[in-house]
Amino acid sequence: MKTISNPNPALWETLCARPSMDTESLRGSVQELMQRVERGGDAILKELTSTFDKVSLDHLQVRKAELEAARVSSELSAAIEVARTNIERFHQAQRQPAEVVETMSGVKCWRRGVAIQRVGLYIPGGSAPLFSTVLMLGIPAKLAGCKEIVLCTPPNDQGEIHPAILYCARILGITKVFKLGGAQAIAALTYGTESVPRVDKIFGPGNQYVTMAKMLAQQSGVAIDMPAGPSELLVIADRTCVPRYVAADLLSQSEHGKDSQVVLLSDSRLVIEAVQRELELQIDKLPRADLARQALKNSIAVELGSVEDCMRFSNTYSPEHLILVTGKNDLLQEQLINAGSVFLGNFSCESAGDYASGTNHTLPTSGFASAYSGVSLDSFLKQITFQEISPIGLQNIGPSIECMAETEQLYAHKNAVSIRLSDLENI
């Protein structure tokens, strides 16, 4: 990690920029691929799977027998059950009962959450098959009551899906699982094919191709959870931190891939130096050390004058994950504006949120935390508003509606009120 000392605030925006990529070229290639899927359906999906995943498939959907045969160790099964219970508990608590509000006498308004009927879940399955994402997306989808849940995840070169992904899908009751990865999976969910159903909203993280495909899906009328690209983590640490814990957290995100980014902010040069030493001590012990080292080349450690300055820098960066390990965590929380998910204190490791604490790990990246929230139960619901107006209510609110409609020269709007008020006057 490159260390930067007390940069001018005018440079913060530049320092917060993520690793750049040729988005126009990416957009063109992904758009072409998606158009091929739209025109060619299953045949093109099989051709693309052969090209990118190096396997020829007779059928795209995971057969019932294959799903039922998926097994994991008793240790992993128990761990998954802990995670499942916590995720269900946290997301179940997000339910909000419909509350009727009488905005004025005789005028009642309320809203009700209704499940999105058809949702698509994208589960990355390359070098790190993210079966935990099945739980993070499948559980709130089930709690919301989505009628059709379609799961896509790439196969290995033997045409197989990682058993933990299938196991998690099975215990959640997700039966429509397809051996599809990358932008072609997003295209299939967007347009539908002979075997893959079209969905109303697509969820899930992925690489730059998946993210671009999701962005393009919106142009075809399919909603997405958020732009979710390469993983990132920002840590604000002062002298109360344990440097080896901080280093371990930075490496936990670095190992996702070479395009991941981590940032360390501190008001102490000694803390930064201690964390840098720990990074070198720990990185060689990781099986994915090469990926982590490449990610660290895109990462920075920044020394600032105070932890308050660190929080201002963090709000500019808008991190996917934010860890606060300072003696002023309560104060910094009040100053927090932009972050996907926040972890407080030396023992709140980011890995807890990735797996089993209960919060969702599908979060906005690349600065989108300034405008987007992470996935929640609400992500799988539409909020439909209702209103009921009594005769007295219309008499109370009607003149205001008539005045406003006439001012906008929308006389049919005014008349819809006037004819009713006239009838009420004649009763």
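Predicted model: local features only at pLDDT ≥ 70, side-chain atom pairs only at ≥ 80, totals over all residues.
Local features need pLDDT of at least 70 and side-chain atom pairs count only at pLDDT 80 or more, while totals for chains, interfaces and linings use all residues. Residues are numbered from 1 along each chain as its sequence is written, and side-chain values use heavy atoms, with hydrogens and water left out.

**The sheet**

Strands (E, at least two residues) and helices (H or I, at least four) are DSSP runs, numbered from the N terminus. Two strands pair if DSSP finds at least two bridges between them.

| Strands | Bridges | Facing residues |
|---|---|---|
| β9 (232-237) and β12 | 5 bridges | L234 and L322 |
| β12 and β13 (341-344) | 4 bridges | L324 and L344 |
| β10 (261-266) and β11 (300-303) | 4 bridges | L264 and A301 |

**Strand β12**

How many residues of β12 (residues 321-325) are buried? The count is 5 of the 5, so the strand is largely enclosed by the rest of the structure. Buried means under 20% relative accessible area, exposed over 50%, partly exposed in between (1.4 Å probe, protein chains only). H321, I323 and V325 point one way, L322 and L324 the other. β12, helix α13 (residues 329-335) and β13 make a right-handed β-α-β unit. Right-handed means that, with the strands pointing away from the viewer, the path from the first strand over the helix to the second runs clockwise.

**Aromatic contacts**

The structure holds 5 aromatic pairs. Rings of Phe, Tyr and Trp (its six-membered ring) pair if their centres lie within 6.5 Å; planes under 30 degrees apart count as stacked, over 60 as edge-to-face and the rest as tilted. One of the pairs is F203 with F380, stacked at 4.0 Å centre to centre, with 10° between the planes. F203 lies in β7 (residues 201-203) and F380 in the loop between α14 (350-355) and β14 (381-389), so the pair ties together parts 177 residues apart in sequence. F203 is buried at 0% relative accessibility. F380 is buried at 0% relative accessibility.
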